[in-house]
Amino acid sequence: MLDEKRTQQVKEILESCQRPLFFFHDDPDGAASFIQLYRFKGDGKGVIVKTGPRLTSDFIRRIQEYGSDKVFILDLALVDDEFIEGAKTPIVWIDHHGVEDARGTTYINPMAWGQNTPPSYMCYQVSGKKDPWLSLIGCVSDWFMPPEDLLNSFKAKYPGIIDKDYPNPEDLMFKTKVGDLVNMMAFNLKGKSTDAMSAVKVFCRLDGPMELLDESSPQARWITRRYRTVKAVYDEIRKDAIAVLEKHKGPLAHFISHKDRFAVTMVLSNEFSYLFQDKVLVIAREKNDELKLSIRSSRKGPAIDKALEKAIVGLEAHGGGHEHACGASVKKEDFDTFLNSFREALGFK
């Protein structure tokens, strides 16, 4: 989490700019980070990044088109040198993946001081702790236990959603209505960028979680309708995946979806890491000639990030992430080779 000095530093940069442009990852942690800063500032423009957790020079035109005087990068692990050099405007980069060189940006990554705090909590601090429900969605979606101050604020402001104390974020996700809120946001971020940004704009206007759970406004009903559309696809793939995963006897299990038109495998992998806690899971979806992988182990399971690094060496592949949650992309013809290398790197027979 941020100390008072860093919190104030980002807050002053945000308050002093006129046309902030926010680039954010296309998951609830990234979206909740943007929404909180946008609601605090009351101005600016968001750009959802669906091409992977990397900003390339292709995005420079968005700065030029908007005429931005400050750029904020939220929950994106990698930023190319060409983007930083071509932005020609001050950049604030808030992340929690592997520590990168700041390269002239205001770079904030708590991993540098031994913490893995999601940007959605850091943005909660910067925005004056105004929207605990948004920060909670971001934290729980990233398998991070919300800090006590956030939990207490959420419980006081929205009583009944969290009925008792829970030890882990998985419990909040699967034993309370927090999971419904997380999936409402996650599923609305699926599909085309234009559809996802439309949903993000609606989230910016919501009063709070009860509006969603009660479907008490037209804008809340718009969100829940799209949520149910994606959930129908999710439930179908989930059924197929469980049937396959239950047949795997070893500690490494995989499933490939051939009909994931909404890219829900990341959400599936999170749920399955809770349901299959004794396994390392590789949940894949086809995209052109590649397989997009969501890789998970339970908090009691083995670390997978270093094993993934070893497994993709020599392959036309890329990937990375956290100790128990990673993403990767490999060529379809290399998938069996990847699995064997990954199994070996994990120390499985």
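At what angle do the axes of helix α9 and helix α12 cross? In this predicted model, the axes of α9 (residues 178-188) and α12 (residues 218-245) cross at roughly 85° and come within 8 Å. Since angles of 65 to 115 degrees count as roughly perpendicular, α9 is therefore described as roughly perpendicular to α12.

**Helix contact**

- On the α9 side, the contact is made by Asp180, Asn183, Met184, Phe187 and Asn188, while α12 contributes Trp222, Ile223, Thr224, Arg226, Tyr227, Val230, Lys231 and Tyr234.
- By residue class, the contact of α9 with α12 comprises 7 nonpolar, 3 polar and 3 charged residues.

**Strand β9 and its parallel neighbour**

- Strand β9 (residues 280-287) is largely enclosed by the rest of the structure, because 6 of its 8 residues are buried.
- Strand β8 (residues 252-257) runs parallel to β9 and is joined to it by 6 bridges, and leucine 252 has valine 280 in β9 as its bridge partner.
- Together with helix α13 (residues 265-275), the strands β8 and β9 make a β-α-β unit that is right-handed.

**Strand β9 and its antiparallel neighbour**

- Strand β10 (residues 290-296) pairs with β9 in the antiparallel sense over 7 bridges, and within β10 it is lysine 292 that stands opposite arginine 285.
- The hairpin formed by β9 and β10 has 2 residues between the strands, and asparagine 288 in the turn has a positive phi of about 55°.

Conventions:
Residues numbered from 1 in each chain as written. Predicted model: local features only at pLDDT ≥ 70, side-chain atom pairs only at ≥ 80, totals over all residues. Heavy atoms only, no water. Axes fitted to C-alpha atoms, helices over the stretch in contact; angles between N-to-C directions. Helix = DSSP H or I, 4+ residues; strand = E, 2+ residues; numbered from the N terminus. Parallel < 35°, antiparallel > 145°, perpendicular 65-115°, else oblique. Contact = heavy atoms within 4.5 Å. Nonpolar A, V, L, I, M, F, W, Y, C, P; charged D, E, K, R; others polar. Buried < 20%, exposed > 50% of the residue type's maximum accessible area, 1.4 Å probe, protein only. Pairing = 2+ DSSP bridges. Right-handed = clockwise from strand over helix to strand, strands pointing away.
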